[in-house]
Amino acid sequence: MVLSIESSCDDSAIAVTEIATNKLVFHKKISQEIEHSVYGGVVPELAARLHAEALPKILEQCEPYFKKIKAVAVTTSPGLAVTLIEGVTLAKAVSVALDIPLIAVNHLTGHIYSLFIEKETLFPLTVLLVSGGHTQVMEVRSLTDIATVAKSMDDSFGESFDKVAKMMGLGYPGGPVIEKLAKEGDRKRYDFTVPLLRTPKFAFSYSGLKNAVRLAVEKSESEDYKDIAASFEYTASKHLVHKLKKYFQTNPPKNFAIVGGASANLYLRGEIKKLLQPYNAQLLLSDLEYCSDNAAMIGRVAVDMYKQGMFTSLEEVSVAARVKM
Ligand code: KG4
Ligand code: ZN
């Protein structure tokens, strides 16, 4: 079995996965959403302190598996430096105490492997990753062959939902609450401009849309928020669909996946499904409980890394921080 630890942002999570079968035998996640909600976003130092309390508590529950653990995996990048270090420190301690090797896992590879929890991998795969930190399209050929073909030039898709929720005083995270509000609203009432419509560049941008929404919020009453939320979600999703449609003209998808916290958005899932229809492409999605950050996805990557002997020495393990948050 491998023990995996995730602490790249505001979720403290540990999983235990069976190497031979990919079976998830243990998974526990403690989210910090309530603690950060009052600030309208994640406060890194607060998150780090909460990880330091939560991770050892979860680890205690894994004790029955200790004898069978062959390696300890941990998210090392990208993420918040102060929170990643909490997971890495614990992983190093486990590595020394149990005398087992360390596996350094990339968080984004983790999101891709959220598709394969308790399953076999399926490649090649075109992946749209939409989370709080990233919006990007990747061509994934194998565990070690992942090419990013487009990414956001500023805010991410999930982050823009968080910011819109903050403007409306709806707390953090914004995705689920904006999606719920949007369901009651009129998608066509506010005519927000779809970003980068006239640029041929395969890239994403959400800062302009965010500012347009800010102006609309400032000029409106709270009873208009549902229509603003609906029009925002419509435009934010249309931007992704528009850029992907162009990309597919020269790169028709065979297997396509949406991963990351914001892949839980049912409106986006529906729009992507429609987009894929003419291509007869298979759409892969993670179970809703594994869309947002978790340790099961990190454990699933670690199983494949273990099989390929991709270990990192204790001295080499360090965190690679994401500069922007
Ligand atoms: O993958 P994740 O848990 O953390 C990062 O790696 O960033 O993603 C969290 C992000 C947050 O920005 C959250 O608002 C967004 O995913 N999110 C959603 C939805 N559920 C979560 N965005 C849009 N619609 C949702 N239903
Ligand atoms: Zn994530």
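**Close-up views of the predicted model**

**Figure 1. Glu118 sits in the loop between helix H4 (107-113) and strand S6 (125-130).** Helices (DSSP runs of H or I, at least four residues) and strands (runs of E, at least two) are numbered from the N terminus. This is a predicted model, where local features need pLDDT of at least 70, side-chain atom pairs count only at pLDDT 80 or more, and totals for chains, interfaces and linings use all residues, while side-chain values use heavy atoms, with hydrogens and water left out. Residues are numbered from 1 along each chain as its sequence is written, and chains are lettered from A and ligands numbered from 1 in the order in which they are written. Glu118 isn't a glycine, yet its phi is positive, at about 60°. Most residues other than glycine have a negative phi, and most peptide bonds are trans.

**Figure 2. Ser77 and Pro78 are joined by a cis peptide bond.** Omega here is about -15°. Look for Pro78 in the loop that links strand S4 (71-77) to H3.

**Figure 3. Another cis peptide bond joins Tyr172 and Pro173.** This time omega is about -5°. Pro173 belongs to the loop between H5 and helix H6 (174-183).

**Figure 4. Helix H2 (residues 44-61) packs against helix H3 (residues 81-98) at an angle of about 25°.** Their axes are 8 Å apart; axes are lines fitted to C-alpha atoms, for helices over the stretch in contact, and angles run from 0 to 180 degrees between N-to-C directions. That makes H2 roughly parallel to H3 (under 35 degrees is roughly parallel, over 145 roughly antiparallel, 65 to 115 roughly perpendicular and the rest oblique). Nonpolar covers Ala, Val, Leu, Ile, Met, Phe, Trp, Tyr, Cys and Pro; charged covers Asp, Glu, Lys and Arg; the others, Gly among them, are polar.

**Figure 5. Helix H5 (residues 157-167) crosses helix H8 (residues 225-250) at roughly 165°.** The two axes come within 11 Å. That makes H5 roughly antiparallel to H8, and their crossing is right-handed. Phe157, Ser160, Phe161 and Val164 of H5 touch Phe232, Glu233, Ala236, Ser237 and Leu240 of H8. Sorted by class, that's six nonpolar, two polar and one charged.

**Figure 6. Helix H7 (residues 207-219) also meets H8, crossing at roughly 165°.** Here, too, the axes come within 11 Å. That makes H7 roughly antiparallel to H8, in a right-handed crossing. On the H7 side are Leu209, Val213, Ala216 and Val217, and they meet Tyr225, Ile228, Phe232, Thr235 and Ala236 in H8. This contact has eight nonpolar residues, one polar and no charged ones.

**Figure 7. Ligand 1 is surrounded by 20 residues.** A residue counts here if one of its heavy atoms lies within 4 Å. The closest are Gly132, Asp162, Glu179, Gly261 and Asp293. Asp162 has a polar side-chain atom 2.6 Å from an oxygen atom of ligand 1. From the backbone, an N or O atom of Gly132 lies 2.8 Å from a ligand oxygen, and one of Asp293 lies 3.0 Å from a ligand oxygen.

Notes:
A crossing is left-handed if the near helix is turned anticlockwise from the far one by less than a right angle, and right-handed if clockwise. Contact means heavy atoms within 4.5 Å. A polar contact is a pair of N or O atoms within 3.5 Å; within protein, one must be able to donate a hydrogen and the other to accept it, and residues adjacent in sequence count only if both atoms are side-chain atoms.
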